[in-house]
Amino acid sequence: MLRADEQKGDFTPWLAEALPGVTRIGDSLMLVSYRIRPEATWDNGAPVLARDVAFTLKTMHCAGLPTEMAQARFGFVLDLRPDSTDPRRFSLLCRGQSIDFVRSSGDFSILPEYVLDPQATLRGLAVADMGKNLPVVQQFAQRYLAAQLARHPERVPGCSAYQLQSWQPGRQLTLVRKPNWWADKLLTPPPALRAFPRRINFQIIPDAATAVLALRRGDIDLYSLMPAPEFARLQQSPTDREQLRFSTADSYECLTANFNTRKPQLQDRLTRQALTYLFDVSALIKATQLGQATPSIGLISPRIKRYYNDSLPPLTYSPAQATRLLKQAGWQQSEQGWTRASGGSTQQLRLSISYRAGEPAFETTALQFRSAAALLGIPIELRPTEASLLSRQLLQGETEISLRNMNGQPFAYDFTPILHSGSTKLYNTTGFGTPASDHLIEAIAQENNLTKKAKLLRQFQRVLYVERPLAVLYFLQYRIAAARRLGTVPVSGLMPGYIVTDIRPTPVKP
C-alpha cells in the first residue's frame with residue numbers, strides 16, 4: 001500500500017490512493033483506513049480489492065507456513081474491516097496507536113486471492129482464526145506449500161509494472177515491463193509509480209573482480225554495492241572514467257559483530273564488552289572501505305541526529321581494556337589460556353567467528369579480530385560459510401560470534417523482530433532480551449511524541465551499549481558505477497543503493 005521514500009523521509013502512497021486515515025479507539029487500539037487506487041489491477045485485469053489485503057494478512061498468520069518474520073513485523077495488525085459500500089476501501093484494526101505502526105501497516109506486498117485461494121476458502125475466517133488448528137487452515141497451508149512459490153515465483157502474478165520473464169536461481173533474473181500497466185492510465189503518475197526501464201536483467205556475480213570485468217566489457221550496465229578497492233581503481237582509470245559514471249550514497253546498512261548470548265562463554269555482558277575492544281574499527285574502515293564509512297555506537301545511524309545517542313563514546317581498539325574486563329568477568333589467564341569456574345566445571349575462552357564466505361570485508365574483519373585475540377591468548381576459529389547455510393546456523397543458534405550486515409531505514413523504529421526476547425526463536429539470533437530492553441522496544445514502537453521517542457531511543461542505545469549483544473562497527477557507503485548511457489542514476493541510502501525504476505537511459509544519438 002505504501003512505499004518508502006527516502007527524499008521525503010517517510011512512506012508515500014503506492015497501491016493506496018492516499019496516506020491512510022487514523023481513528024483511535026480508546027487508549028490501546030486504532031483503525032488505519034485505506035482506499036486502493038481505482039486503477040490498480042492484477043495481471044488478469046481484475047481489480048485489486050480489500051479482500052486481497054485481507055487474504056494476505058491471513059496468509060501471514062497461517063499456521064504451518066514459514067511466516068514468522070511477517071508475524072513479528074506485522075503482528076500489531078489484528079484484523080481487517082472491509083467497507084460494505086466500497087470493495088476497495090478497508091480499515092486495519094491495530095493494537096497500539098503509534099505513528100510507526102501507521103507507516104508500517106502499508107509496508108507489505110499484497111497477494112492475489114484469485115490465484116492462491118481461487119475457491120475463497122479463507123473468506124469466512126478472521127485473521128485470528130488462521131493460527132488455529134482448523135481443517136480449512138491446514139488444507140490451505142498444504143496447498144500453499146505444494147505450490148513451491150519460492151522456486152516458482154512465476155506462479156504468482158502481481159500488480160506492479162514488471163513481470164518475470166526468466167529466472168535462473170543463483171545466476172540471473174529478468175523482468176520486462178508490462179505493455180498495459182494500470183498506472184500508465186494516470187494523467188500525472190506520482191514519482192512512486194514511475195517505471196521507465198523496458199527490461200531489467202539482474203546478474204548475480206559473487207566475485208567482485210569478475211563483476212568489474214563484466215562492467216568494463218559492457219556485459220552489465222550497473223554495478224551497485226561495489227567494494228571500495230574496485231570502485232577506487234575504476235575511478236583512477238581514464239578509460240573507465242570516460243565510459244562510466246560514479247555515485248555514492250551514505251546508507252542505513254551497518255556491519256555488526258553479533259554475540260550468541262545463549263552460549264556459556266558469552267552469557268555475561270563483561271565478556272561481550274571485552275571482545276568488542278578487539279575490533280580495530282578505524283583500521284578496518286581504512287582497510288576495507290578506504291576510509292569511506294561511518295563508525296557508530298549502535299543501530300541508529302549517526303546521520304539521524306535526532307535519535308542518535310552521541311553521548312556514548314565510540315568503540316575503540318584496546319587490548320588492555322579487554323584484558324581488564326575479562327578479569328572482571330571472572331576469567332583467569334594462564335599458560336593454558338583464559339579459564340573460569342562455572343557451575344562446578346571449568347570454562348575455557350575459545351570461540352569461533354562465522355561470516356559469509358567470499359566477502360572481503362567480513363574476511364578482513366575476522367582476521368583482524370583473530371589476530372587481536374591471539375595477542376591475548378584467546379583462540380578464535382574462522383568459519384567462512386555459504387550464505388544459505390549461515391542463515392540456517394544463525395536461526396538455529398549454532399554460531400558463537402557472527403559478522404553480518406544489517407539493513408535499516410529512517411522511517412520507523414521497531415526492533416521487535418531482531419532484539420525482543422519474544423523473537424529469540426525467530427530472528428533474534430543473538431538470543432538477547434531482558435524485561436528492561438523488551439519494555440523499551442515496546443515503548444519505542446508505541447511512542448508518537450518525537451521528543452519522547454528520541455529519549456527512549458537514546459535509552460535503548462545505552463542499554464545495548466552496556467549489554468553488548470551486538471556491536472555496530474560502521475555504517476556503509478553504497479558505491480555505484482554505471483554506464484554513461486544510463487544517464488544520472490538516482491541513488492539511495494536504502495538497499496540496493498539506487499532506484500531502478502527511475503533510471504532513464506540517455507537516447508543514442510544517430
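The following exercises, with worked solutions, concern a predicted model.

**Exercise 1.** Determine how strands β1 and β2 pair, and what lies between them.

*Solution.* Step 1: locate the strands. Strand β1 covers residues 2–5, and strand β2 covers residues 10–13.
Step 1: examine the connection. β1 and β2 make a hairpin, with 4 residues between them. In the turn, Gly9 has a positive phi of about 70°.

**Exercise 2.** Describe the sheet that contains β7, β8 and β9.

*Solution.* Step 1: give the order. The 3 strands run in the order β7-β8-β9 and form an open sheet with antiparallel pairing.
Step 1: identify the edges. β7 (162–168) and β9 (199–203) are the edge strands, since each pairs on one side only.
Step 2: state the twist. From one strand to the next, the twist averages 15°.
Step 3: inspect one pair. Strand β8 (residues 172–177) pairs with β9 over 5 bridges, and Gln172 stands opposite Gln203 in β9.

**Exercise 3.** Characterise the second largest pocket by its space and its lining.

*Solution.* Step 1: state the space. The second largest pocket holds about 550 Å³.
Step 1: find the residues closest to the centre. Of 17 lining residues, these are Thr59, Pro66, Thr67, Leu111 and Tyr144.
Step 2: assign the lining to elements. Two or more residues each come from α1 (50–60) and α5 (135–146); α1 gives the largest share, 3 residues.
Step 3: sort the lining by class. There are 11 nonpolar, 5 polar and 1 charged residues.

Methods: Residues are numbered from 1 along each chain as its sequence is written. This is a predicted model: local features need pLDDT of at least 70, side-chain atom pairs count only at pLDDT 80 or more; totals for chains, interfaces and linings use all residues. Side-chain values use heavy atoms; hydrogens and water are left out. Two strands pair if DSSP finds at least two bridges between them. On a 1 Å grid over the protein atoms alone, a cavity is a set of points where a 1.4 Å probe fits but cannot get out, and a pocket is an open set with protein on both sides within 12 Å along at least five of seven lines; lining residues have an atom within 4 Å of a point. Grid points are joined across faces, edges and corners, and a volume is the space filled by probe spheres set on the points. Ala, Val, Leu, Ile, Met, Phe, Trp, Tyr, Cys and Pro count as nonpolar, Asp, Glu, Lys and Arg as charged, and the others, Gly among them, as polar. Axes are lines fitted to C-alpha atoms, for helices over the stretch in contact, and angles run from 0 to 180 degrees between N-to-C directions.
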